[in-house]
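Notebook open. I want to look at the fold as a whole, then at the ligand site.

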Amino acid sequence: MFRKILIANRGEIACRVIATAKRLGIATVAVYSDADRAARHVALADEAVCIGTPPATESYLNPSAILAAVKATGAEAVHPGYGFLSENPDFAEAVAQAGAVFIGPPPQAIRAMGLKDAAKRLMIEAGVPVVPGYLGDDQDAAHLAEEAAKIGFPVLIKAVAGGGGKGMRRVDEAKDFAAALEGAKREAASSFGDDRVLIEKYLTQPRHIEIQVFADQSGSAVHLFERDCSLQRRHQKVIEEAPAPGMTPAIRAAMGTAAVTAAKAIGYVGAGTVEFIADASGGLSANGFFFMEMNTRLQVEHPVTEMITGQDLVEWQLRVAAGEPLPAAQEDLAIFGHAVEARLYAEDPAKGFLPAAGTLHHLRWPVDAPGLRIDTGVSEGDTITSFYDPMIAKVIAHGKDRAQALNRLAEALNTIEIAGPATNRRFLARLAGHDGFRRGEMDTGLIGRDLDALAAADAPTDALLALAALHAAGILDEPQGDDPWASLRGWRMWPGAAAMAHLETTAGARLEVPVAAQGRGQFRVTLPGGPVEAQAIHHDGRRVTADLDGAPTTVSRAAGRDWVTLFLGGAEATFILPDRLAMDAEGADAVAQVKAPLPGRVTAVNVADGDRVTKGQALLVLEAMKMEHTLTAGKPGRVTALSARTGAQVTEGQVLLVLDDEEEAET
Ligand code: ADP
């Protein structure tokens, strides 16, 4: 076995690989970009090497920087994780040339599966069923249209070099074919530098079912059963599970055999996944599944397989790469219970799943939850940047059966507390409780059909609004004991006194909520929907309890100077406190420094050092999360310490320029 390995990746998968290596007594080397200096994977590894600047092309996608780190640390093998360089055959070759072991399949196996058309041809030769379609070299538009008509609409145009759903177009009628072909080719050319396409029969109610395979260097191969990844949004997996609902031993054996045949046909070694598409309209059948592609790496969703088989797939990868035989034979492998995984992302479902960024001010996972596994690459206080995939964690639940696994997943998703960037937590929790999904009646179109209900933002309930108003008025943190004068902080609420709480919702709505003291420790909060009487208010830091109109209510609270997030029974609401924001804005230091509010790229600098500016003048433009933000002067002054350059990447909170006081500028 290896003594030291390098993990050429970041985030949760780097942490995941490190965990197994540690258990096996293997030393680990992390690599990181400047943006990840304080990242969890760096802290967990025995050694860490900086490989470049934040853009992935300058670090995690830079083979020579990674190979230099391999040499410098004496790592004997390289685990590529998933994404980045994991399916890059040239990188696999370069690792070998550098004298280290690539923990993955041989380069020729990666190449064989790299192009969808070549892979499908290979599978046809090996006798593996494929989706009917056209795989030819004649890429003439008129010819492709003829082939599409022969296959019969609807058809799916796919980029042969495709991945991640790019260069893919569904065409329902012949008249739309030419335009769709043009779009697919354009996208394929710009994403992959290869505009060739293939055409497939489009299955109207498809299920995505994949088989985990493993092969060792002696040519033995097994499968570790299936995963169902049919819950997708725009061809991207959202929730995965194992085993697949409705699967029978006979169909499983047929699919498993086909997948092992596929692996053997290309001389596969290590962990791989053979993806099949099945027609869900008439239920699963032993001849109703077709090869789609093979992923020549460890998959994001491998934990569900680990949880139902009790095997550690990273350990299998390490053993196989070190030349050992497969840790188990086919007949030794069995399925225990059911597992389901949800991908928790910093993204805003209510805004079309726009990726979110920012600091994870507050991050709490469920404690002591049975059957629960959280794979994460972040800790509280870390920042999700726009440089990389905004995944926060994979939440994986195991149960004795599917219902228990789904209950545990829903419970976990309703208990997780995150304050900071927007997340898809609520969306996932709703999905875990979706009736059709619970009945196992799913296909890849399920999320799309119910998207509005699944992705909608919660309107804050009256209980959350009332508590947010009490927080904004400073009352939650006042001792509410018998002595109304015990408090020295803030303003005192004697009976009859009133205050106005200012709240702004994340949707941008501004609310003014009168809060009036009624008696000792009793308050009336006048919400738009009517008054709420609050009493018996207690807090022990994070937990706040109160009686609201006689109903005992407990929330969890995370708060900063000018924001508060409250969590209540799976719901959550974040409010900006505009008063305190204004207080900040009037504070001299806060306005003198112009900082990047988000990580992003400077697209315009309108001023130069020494320029005099007036309050409200546009200083520079930042592009963050695909939107432009104009940063304006919070006060008049003279521009100094201008560090922002057009085209530069900036991190959240970075000071871009400073406004010096200058009386005469105040015109
Ligand atoms: P990519 O490599 O771009 O991810 P895949 O070939 O793996 O593309 O397909 C991605 C997803 O697209 C599948 O999981 C499935 O939901 C859908 N899909 C692919 N082929 C078909 C098809 N022939 N009919 C219907 N849906 C399909």
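I checked burial to start: 53% of the 667 residues of the chain count as buried (under 20% relative accessible area, 1.4 Å probe, protein chains only). This is a predicted model, where local features need pLDDT of at least 70, side-chain atom pairs count only at pLDDT 80 or more, and totals for chains, interfaces and linings use all residues. Numbering runs from 1 along each chain as its sequence is written, and side-chain values use heavy atoms, with hydrogens and water left out.

Next, secondary structure: I find 19 helices and 39 strands in the chain (DSSP runs, H or I of at least four residues for helices, E of at least two for strands, numbered from the N terminus). The radius of gyration is 28 Å against 26 Å from the globule rule for 667 residues, so the chain is as compact as a globular protein of that length (C-alpha atoms; the rule is 2.2 Å times the number of residues to the power 0.38).

Then the ligand. I get 22 residues around the ligand, with Lys 116, Gly 165, His 208, Gln 232 and Glu 293 the closest (near means a heavy atom within 4 Å).

I looked up polar contacts (N or O pairs within 3.5 Å). A polar side-chain atom of His 208 sits 2.8 Å from a ligand oxygen. A polar backbone atom of Lys 201 is 2.9 Å from a ligand nitrogen. The protein buries 96% of the 560 Å² that the ligand exposes when taken alone (Shrake-Rupley, 1.4 Å probe).

Last, I noted that domain 2 (133-201) and domain 3 (207-336) each give at least three residues to the ligand shell (bounds from an automatic or database assignment).

Methods:
Polar contact = N/O pair within 3.5 Å; in protein donor to acceptor, adjacent residues only side chain to side chain. Buried < 20%, exposed > 50% of the residue type's maximum accessible area, 1.4 Å probe, protein only.
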